[in-house]
Amino acid sequence: MKQKNYKLLVCALAMANISAFSINNCFANVADNNVHENIVSAENLTEEEVAAKIDETMQDVSADNEAAKEDKEIVINNDKKNKVDKVQDPEAIAKMNTWKEQRPTEETIKNNNSAYTDMTVVSVDVVGNEKIAKEDILNVLTVKAGDKFNIKNIEQDRNNIYNTGYFYDNYPSYEVVPEGVKITYHVMENPVLNSVEILGNQVYSTDKIEDMLTVKKGEILNIRQLNTDLANIEASYRQDGYILAKLRDISIDESGNLTLTFNEGILEGYVVKGNDKTKDYVITREMRIKPGEVFDAKKARRSMQRVYNLGFFEDVSVKILPGKEDPNNIIMELTVIEKRTGSFGIGAGYSSEDGLLGMVSIGDTNFRGTGDSVKAMYEFGGDGGDDSGYSISYTKPWLDEKETTGTFRIYDRKFEYDDYDNGGDLIETYDKKNQGYELNFGRPTDEYTMNYLGFKINNTEYRGHEDGLDRSTNTEWLDNNFGETRSIIASQVRDTRDNIFYPTEGTRTSLSVEYAGLGGDFDYTKLTGSVQKYYKVGHAQVLAFRGSAGYANEDLPEAALFEVGGQNSVRGYRDGQFSGNRMLMGTMEYRFPLMNKVQGALFTDVGDAWGGKSWGSWSSIEEDLDLHASVGLGLQMQTPIGAMRLDYGWGEDGGRLHFNVGGNF
């Protein structure tokens with residue numbers, strides 16, 4: 001219904017280009033402090049492929065961790081350092097010492113074996129077992145009485161005894177008899193499990209790890225079963241995102257005291273490089289893993305999304321290095337390539353009716369490297385300075401440790417305004433003044449949800465008729481559409497999109513309520529809700545959906561009406577062509593790459609705004625819902641001044657071209 005008349009003819013902008021980032025990472029094998037680098041670069045990828053590369057990088061970190069793990073040998077030791085909860089079994093200690101004294105060396109066993117080659121095996125026996133039945137041991141042996149003596153078969157049977165999991169050691173001895181050779185396997189059983197000590201665990205409690213162990217106290221320890229339990233524990237760590245967690249050491253003493261030492265991958269700290277302008281804390285405060293916490297791939301992936309979503313960097317890379325204070329810990333090294341975040345715009349124009357018109361704007365989304373955003377704009381010109389004004393805004397994204405955001409905006413503008421009806425015909429050109437200020441605060445309730453509370457005072461003024469229908473004497477229309485609005489706006493936004501600039505998956509939902517009153521000229525309650533959903537299909541194609549709805553309990557002034565039509569609404573129609581107290585709108589769009597930094601789109605839009613007070617034949621407010629649909633195609637390009645979107649939509653009255661800087665939803 002309303003369309004602004006912009007008369008600036010020349011505009012030069014200096015803005016920053018938004019590009020993808022690459023991720024480099026390396027896993028440090030803390031056992032020997034070697035650094036293994038696994039570099040994944042997204043520098044030459046499309047934005048749609050960045051999220052996939054993050055996932056691939058995290059998988060490669062996990063793979064490097066698996067490759068870096070050393071095979072752990074369970075050692076029975078005689079460490080005399082006891083803790084209160086450990087059991088001391090003198091008999092078991094003496095038995096182990098005796099075994100070590102009597103056991104022949106492997107070289108002796110090997111030399112003895114060669115003396116019995118091709119002799120007939122007369123019998124096979126087992127000695128030294130106390131808990132495990134002899135029959136159970138004999139059942140795993142392949143060499144039987146009557147077989148020919150074969151060194152390989154003897155070694156195989158020794159391995160078979162080990163593989164039962166119940167034995168710490170075994171060796172064969174031989175007795176020559178007239179009929180051949182008797183084989184006796186001497187076995188040393190594992191100790192009975194008396195206690196379990198868990199060290200190095202932080203994210204997993206001791207109780208949780210013990211619950212995952214199927215080996216039982218009071219029973220002889222089965223090493224094979226223990227290895228399965230430990231593999232399951234490490235798999236559980238990885239499934240929960242702790243991909244650097246691993247078992248560093250396993251030991252059990254002669255008395256059956258088992259000690260498991262874990263290295264979960266504790267983050268020692270961050271090192272930031274390449275940030276000439278941006279302060280270190282602006283980057284590190286976005287990291288979801290704090291020093292002293294365990295490295296979590298899920299949080300690391302989210303951290304990279306948050307850093308990229310700042311919009312300050314052309315490229316971001318990450319390396320995981322061994323800690324300086326403790327080599328078992330890790331350090332995350334973040335290297336960034338900054339881009340220009342400041343913008344400057346100047347425009348000028350001239351018309352015979354209004355004279356010289358001009359505009360100057362300046363801003364920075366990373367003001368002095370603090371992450372704050374500031375923008376100022378000044379307009380001037382027109383006959384007698386009729387078109388002039390300013391707008392200043394300042395946003396501080398981190399007011400406190402709870403990530404509270406704050407935004408202040410003040411504006412005062414006088415301009416010539418063109419008002420159109422639903423058919424696109426001019427109703428009136430008049431001078432308008434719009435001034436006020438806004439104060440907004442936001443605070444997250446969780447990683448993806450923000451609550452906002454804002455206060456707004458806005459004053460609109462009809463300053464005189466210029467052309468078309470003269471409504472300067474229509475008191476009822478003036479009183480109901482011009483004046484001061486004082487309102488409080490409460491809203492909640494939940495955003496799980498992988499990338500706020502180029503989303504390929506995730507959802508963004510928002511709900512808001514605006515209550516106007518508080519001593520102003522207008523009283524109303526206005527409800528608005530919207531949802532955006534993205535699905536990645538194929539390699540780099542995206543299906544994007546959007547739905548919006550709005551409702552007001554009273555007739556709204558023109559400045560507060562819901563509007564449908566235009567680039568960010570229903571394309572194929574004029575900007576704000578349909579307006580009213582209620583609104584319903586939906587969009588479905590298929591996006592696909594055409595070439596590097598160029599994306600195509602096919603879309604269909606539908607929507608309407610209706611309901612409200614009609615002021616006569618020139619005010620064609622629709623009383624009932626009458627959906628208006630369109631189809632079209634679009635083109636989005638990455639340029640040095642940012643994303644540019646060009647759409648052509650076909651509506652009920654034909655086609656219309658739309659242009660936008662900054663892309664689409």
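Q: Which residues lie nearest the centre of the second largest cavity, and how many line it?
A: Phe 501, Tyr 502, Arg 591, Gln 599 and Gln 636 lie nearest the centre, within a lining of 11 residues. A cavity, on a 1 Å grid over the protein atoms alone, is a set of points where a 1.4 Å probe fits but cannot get out, and lining residues have an atom within 4 Å of a point. Please keep in mind that this is a predicted model, where local features need pLDDT of at least 70, side-chain atom pairs count only at pLDDT 80 or more, and totals for chains, interfaces and linings use all residues. Residues are numbered from 1 along each chain as its sequence is written, and side-chain values use heavy atoms, with hydrogens and water left out.

Q: How much space lies in the second largest cavity, and what classes of residue line it?
A: A volume is the space filled by probe spheres set on the points, which are joined across faces, edges and corners. The second largest cavity holds about 90 Å³. Its lining has 4 nonpolar, 4 polar and 3 charged residues; Asp, Glu, Lys and Arg count as charged, Ala, Val, Leu, Ile, Met, Phe, Trp, Tyr, Cys and Pro as nonpolar, and the others, Gly among them, as polar. The structure has 8 cavities of 30 Å³ or more.

Q: What is the volume of the second largest pocket, and which residues lie nearest its centre?
A: A pocket is an open set of points with protein on both sides within 12 Å along at least five of seven lines. Here the second largest pocket has a volume of about 380 Å³. Of its 17 lining residues, Asp 89, Ala 92, Glu 130, Pro 191 and Val 192 lie nearest the centre. Helix 2 (90-102) and strand 8 (180-189) are the elements that give two or more residues to this lining, and helix 2 gives the most, with 4. Helices (H or I, at least four residues) and strands (E, at least two) are DSSP runs, numbered from the N terminus. By class, the pocket is lined by 6 nonpolar, 4 polar and 7 charged residues.

Q: Why does the second largest pocket lie between domain 1 and domain 2?
A: Domain 1 (104-189) and domain 2 (192-263) both give residues to the lining, so the pocket lies between them. The domain bounds come from an automatic or database assignment.

Q: Is strand 9 largely enclosed or open, and is Phe 344 buried or partly exposed?
A: Buried means under 20% relative accessible area, exposed over 50%, and partly exposed in between (1.4 Å probe, protein chains only). Strand 9 (195-199) has 4 of its 5 residues buried, so it is largely enclosed by the rest of the structure. Strand 9 runs parallel to strand 11 (257-263), with 5 bridges, and Leu 199 has Thr 261 as its bridge partner. Phe 344, in strand 15 (342-351), counts as partly exposed at 40% relative accessibility.

How values were computed: Pairing = 2+ DSSP bridges.
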